[in-house]
Amino acid sequence: MKEKSFEPGRDNIVLIGMPGVGKSTLGIVLAKILCMDFVDADLLIQQSCDKSLQRLIDTLGPDAFLEIENQVLSEMSFEHSVIATGGSVVYSQAGMEALKRNGDVVYLAATYAEVEKRVTNITTRGIVLKHGCSLQDAFAERVPLYEQYSDYTVDGTGKSIEECVEEIVGLFR
C-alpha cells in the first residue's frame, strides 16, 4: 500500500463499510493515535432529528432516511477528523463525493460471514435495508459501492481493532 500525507483542506479520514466492521470503535482509536477529532455520522443524524436511527427508519422508511443522511453529510464541514459513516452512506453519490472532496476514504472490508457474526441486533441497530432485503442482500449490493468510492481498503476479517488501526496509521504516516 502507498503512503500518503494529508493535503490542506482535505485532511479527513472517512471510514466506510458494512455495519459491524468497527467503523465507530476503530475511528475513536484511530483519532486518538493520529491526534485528530472523531465524528460519528450516525450520531449527528440522531442529534439533528432527535430520534434513534432505527426509529427514523421505521417512521420515515429507508428512502427518506437516506435523504436525511445525505443532507446531514453534505452539510458537514470538518477538518482534521476521522469520520465514521453509516453503512448506507454509499447509496448517495452526492454525499460520497462531498466526503471524498474533504478527505481520504478507507473501506473497512470484511467477509459476509464476519459481518453476520458481528451484527446480532439487525432489527434495532438502525440498519437501512430496502423492503424485503436481507443483510446478505445489502452486503452484496453495497460491497461494489464501497470499492468504487474507497481510496484505500483495509480487510478486517479476523483482525483486531488494533491491527486494523495500525494498518490505517501506516497509510497516513
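## Pocket and cavity

The largest pocket in this predicted model has a volume of about 330 Å³. A pocket here is an open set of points on a 1 Å grid over the protein atoms alone, with protein on both sides within 12 Å along at least five of seven lines. Grid points are joined across faces, edges and corners, and the volume is the space filled by probe spheres set on the points. Its lining takes in 21 residues, and P19, K23, D42, G86 and R125 lie nearest the centre. Two elements give two or more residues to that lining, namely α1 (23–34) and α4 (62–75), with the largest share, 3 residues, coming from α1. Lining residues are those with an atom within 4 Å of a point, while helices (H or I, at least four residues) and strands (E, at least two) are DSSP runs, numbered from the N terminus.

The largest cavity holds about 50 Å³. Its lining is made up of V21, L26, L108, A109, R118, V154, G156, K159, I161 and C164, and the elements giving two or more residues to it are β4 (103–109) and α8 (161–172).

## How the model was read

Residues are numbered from 1 along each chain as its sequence is written, and side-chain values use heavy atoms, with hydrogens and water left out. Since the model is predicted, local features need pLDDT of at least 70 and side-chain atom pairs count only at pLDDT 80 or more, while totals for chains, interfaces and linings use all residues.

## Salt bridges

A salt bridge is a side-chain nitrogen of Lys or Arg within 4 Å of a carboxyl oxygen of Asp or Glu, and by this rule the count comes to 5. In one of them, D151 pairs with K100, with the closest N and O atoms 3.0 Å apart. D151 sits in the loop between α7 and β5 (152–155) and K100 in helix α5 (residues 93–101), so the pair ties together parts that are 51 residues apart in sequence. D151 is partly exposed at 32% relative accessibility, and K100 is partly exposed too, at 22%. For the cut-offs, buried means under 20% relative accessible area, exposed over 50%, and partly exposed in between (1.4 Å probe, protein chains only).

R118, one of the cavity-lining residues, bridges to E114 with the closest N and O atoms 2.7 Å apart. Both lie in helix α6 (residues 112–118), 4 residues apart, or about one turn of the helix. R118 is partly exposed at 28%, whereas E114 is buried at 11%. E114, K117 and R118 are linked in a network of salt bridges. K159, another residue of the cavity lining, meets E167 in a salt bridge of 2.8 Å, N to O; E167 is partly exposed at 22% and K159 at 30%.

## A buried arginine on its own

R142 lies in helix α7 (residues 135–149). Not counting residues up to four places away in sequence, R142 touches M18, P19, G87, S88, V90, Y91 and V128; contact means heavy atoms within 4.5 Å.

V14, in strand β1 (residues 12–16), is buried at 1% relative accessibility. V14 and Y107 are 93 residues apart in sequence but 8.4 Å apart in space, C-alpha to C-alpha. Contacts of V14 beyond four places in sequence are I83, T85, L99, D104, V105 and V106.

S81, found in strand β3 (residues 81–84), is buried as well, with a relative accessible area of 1%. The S81 side chain reaches the backbone oxygen of E79 at 3.1 Å. That is a polar contact: a pair of N or O atoms within 3.5 Å where, within protein, one must be able to donate a hydrogen and the other to accept it, and residues adjacent in sequence count only if both atoms are side-chain atoms.

At the start of helix α2 (residues 41–49), a side-chain oxygen of D40 comes to within 3.0 Å of the backbone nitrogen of D42. After α2 comes D50, with a positive phi near 55°.

Note on methods:
1 Å grid on protein atoms, 1.4 Å probe; cavity = no way out; pocket = protein on both sides within 12 Å on 5 of 7 lines; lining within 4 Å.
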